[in-house]
Amino acid sequence: MDGFSGLLHGFSVALTWYHVMLMVVGVLLGILVGVLPGLGAPNGVSLLLPLTFTMDPVSAIILLTSMYWGALFGGSTTSILFNIPGEPSSVATTFDGYPMAQNGRATEALSFAFLSAGFGAIVGVLLITALSGWVTQFALKFSSPEFFGVYFLAFASFVGLSGAPPLKAAVSIALGFSLAAVGMDSVSGSLRLTFGYDVLLAGISFLVAVIGLFGIGELILTIEDGLKLDGIRAKITPRDVLRTAAQMPKHWATLLRSSIVGCWMGITPGGPTAASFMSYGLAKRFSAYRANFGKGEPDGVIAPETADHSAGTSAMLPMMALGLPGSATAAVMLGGLMIWGLNPGPMLFVERPDFVWGLIASMYLGNVVAVVLVLATVPLFASILRIPFAIIGPLIVVVCFIGAYTIAGRPFDLWLALGFGILGYVFKKLDYPIAPLILAMVIGDKAEDAFRQSMIMSKGSLTIFWSNPLVTGLMLLGLVLLFWPLLGALRQRLRPSPA
Amino acid sequence: MARKFGMALGFLAAGMAGAAAQGWQPTKPIEFVVTSSPGGGTDNFTRMIQSIIMKYKLIDQPIVVSNKGGGSGAEGYLVSKTAAGDPYKVIFGTNNAYLLPYVAKLGYKFSDLTPVAALALDEFLLWVKADAPYKTAKDYVEAAKAKPETYKMGGSQSKDTDQTLTSILSTAAGAKFIYVPFQGGGAVGTQLAGGHINSHTNNPNESIGQWKAGQVRPLCVFSPARLPAGPKVTETQGWADIPTCKEAGIPVERFQMPRTVWLPAGTPAGAAQFYEGVLKKVSETPEWQEYITRTVQTGQFLSGDSLKAFVANDDKLSREVFEREGWIVK
């Protein structure tokens, strides 16, 4: 059974009152964990997992995936309103979402975020539906050198264009790399940079860094600026939403490009966080309004959100078809699959079509439910913003620290979050960019693993990075993007300017 | 010596406590500490036990599962040190409980753990890509022998079970492989299915899907006896059709990984017995049998002396490898 008939069968499984109710419950719970920084989708899903032991696998996966969609949406809400990413994958949304909110365009920013997220998700599901057979073949072509190529590309597409002075960006990246290196190194099996402290054994969580750098750092700045969160009026009326929706087609190029990036990163698997950064970088590069990026450009919200959600949804495919999770949340669900008695792998599609297609159908429905619910909850969050800073500020601090603690239940993470908060403040004061540090922390160790695995495979020869068309293409594309600013400057110099 | 003595004391204390205080009962919520990240084999093992305990109400206190998989699981075992004497922290792991302290300088020693039980032995098989030319394990090893350090053996992590087995295999058969460490069994499986490595030593459960789909096939199993028959996996073959490696002409008798349960040292008398009793009941439920069969592990309940003997033997075997490879940290 594939394609259309499978999907129809899936809808007959997913479209029951019970399942729609599970979707609503899942999405609402998801929004809640998404809004709390640090709690996040992977934690939320593992907390919910024991409840599903007694459920039918289809119902169980519908509940868990709906929660995932809800968390992805919820994560963007706080990114835009408070500059605190609820989810690692919504870090890139803060770059333009928060400035938009500060300029009094919160409604627009939120609507753009949710609508483009919904769009990305649907593209992801469509891809799964249409290409379920072929896509898994594509994913099998990826080995360590290709993964390194992908991460290199993500770096190149983002780093080459950061507005900061190159030296400051380099410092930020280097710091990110060293933070990512802390803990057990999986290639050598040795501990690195732990200095004998057991608390550093598990490494420094990227989420703690995000909470500190963004959440707490931002608060310290706000306090210095005079104790108020300015100009954020996030009142959503149906008309505003419709007006924003009418503008969506104008951004077709960004939507399309970001969906492609997202689907690709979901499947290969680079993960939603890398996808959103890469997509933001590309959007900036190809935009006619480059100078506006970082100051509240709609494309800067649309790009990461679309990519984030298409990566999140398409990550379900390699999870089911290869047993290879494309995101941290997918890894938790993979564990669930095994407990419910299913064997992920290519045969799952043949043996349990009801499960696979039921899930795929529920992804269409669940995302529609999520968009509707999330637009409905915005007034609630908007009203929070009208509370004076003297009250909301301390609450945000509490939420940040609770978030930092829930990641792994380690008291040490609280100190780390505080430390990162101060670092974030210093970075902003001295005009060091934070984004390269985050990017290096997220994909730095993966890139390093991929590079060293490649070196083991090739016995130390770099030629492995152009040993086949796929990896050669990735590396070339990465190099082009990396040197794009230089090429641009060169072209301008060669061509006499018309003005 | 001190270590052995400590262990012996632990066992003695546990033994006496069993007679003296039958009645230790939990009076507050219990934390199951998983020494792997979510989705891994140890995580499934723990959550399976949690679900069975919940279903049969074997413990009337709530159970929280927390993943502490940092540092190859060391983060979870460290709980034994930070929560010494706390009977509400039950630690779930593998043989890395006693092997990790050899290869990395960690904040805990094996003597910080009180053994409770081992519930299963996970099996290792030698897998190649389905369309590889090798008919038997012997063919493959001979090919690897002819071209030393060309054939790539994938595995999870470094200085862990897969690499240990690769080293044992290399020494026993005289064939040198390039060992490539990946993040986990799933990634290793996909690398073989895609033809990027030549072989791996995944557990049955990690590669059953790909075997069914005709992407990879097993050559031999590192077990003293063949696996139980069960239903056919492919059209023609089931688990029992795979020869043991010894049968296939590779002089490796056995390599199995125990799935183990521990408490911190110094827990109140009777606590270990309490959990042992609960786990024994778990291992007798049909759900547990189903889990064991589905994941193709060997169900074997070890506790007390049988566990001690197993640990001592496994410890000796692995230590030899670690010493030969120079992995031991001083």
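# A tour of chains A and B

Select Ala154(A) first: apart from residues up to four places away in sequence, Ala154(A) touches Gly270(A), Ala274(A), Phe277(A), Met278(A) and Ile443(A). Touching, or contact, means that the C-beta atoms of two residues, placed from the backbone, lie within 7 Å. The model is predicted, so local features need pLDDT of at least 70 and side-chain atom pairs count only at pLDDT 80 or more, while totals for chains, interfaces and linings use all residues. Residues are numbered from 1 along each chain as its sequence is written, and chains are lettered from A and ligands numbered from 1 in the order in which they are written.

A residue is buried if 20 or more other C-beta atoms lie within 10 Å of its own, exposed if 12 or fewer, and partly exposed in between, with C-beta atoms placed from the backbone.

**Helix α20 of chain A**

Next, select residues 435-457 of chain A, which form helix α20. Helices (H or I, at least four residues) and strands (E, at least two) are DSSP runs, numbered from the N terminus. Stop at Ile443(A), where α20(A) bends by about 45°. The bend is the angle between axes fitted to the seven residues ending there and the seven starting there. Of the 23 residues of α20(A), 17 are buried, so the helix is largely enclosed by the rest of the structure. After α20(A) comes Lys459(A), with a positive phi near 55°.

**Two loop residues**

Most residues other than glycine have a negative phi. Select Phe195(A), in the loop between β2 (191-192) and α9 (206-224) of chain A. The phi of Phe195(A) is positive, near 50°, and Phe195(A) is exposed, with 8 other C-beta atoms within 10 Å. Now go to Lys57(B), in the loop between α2 and β2 (63-67) of chain B. Lys57(B) has a positive phi near 50° and is exposed, with 7 other C-beta atoms within 10 Å.

**Where the chains meet**

Show both chains: 44 residues of chain B are in contact with 40 residues of chain A. On the chain B side, the elements that give two or more residues are α2 (41-56), α3 (74-77), β7 (178-182), α8 (185-193) and α9 (204-212). Of these, α2(B) gives the most, with 7 residues.

**The domains of chain B**

Colour domain 1 (2-121 + 257-325) and domain 2 (125-241) of chain B separately. These bounds come from an automatic or database domain assignment. The C-alpha centres of the two domains lie 28 Å apart, and their contact takes 12 residues from domain 1 and 15 residues from domain 2. On the domain 1 side, α5 (96-103) and α12 (304-325) of chain B give two or more residues, and α12(B) gives the most, with 3 residues.

**Last stop**

Select Lys280(B), in helix α10 (residues 271-283) of chain B. Lys280(B) counts as partly exposed because it has 13 C-beta neighbours inside 10 Å.

Terms used:
Expected span 1.5 Å × (residues − 1).
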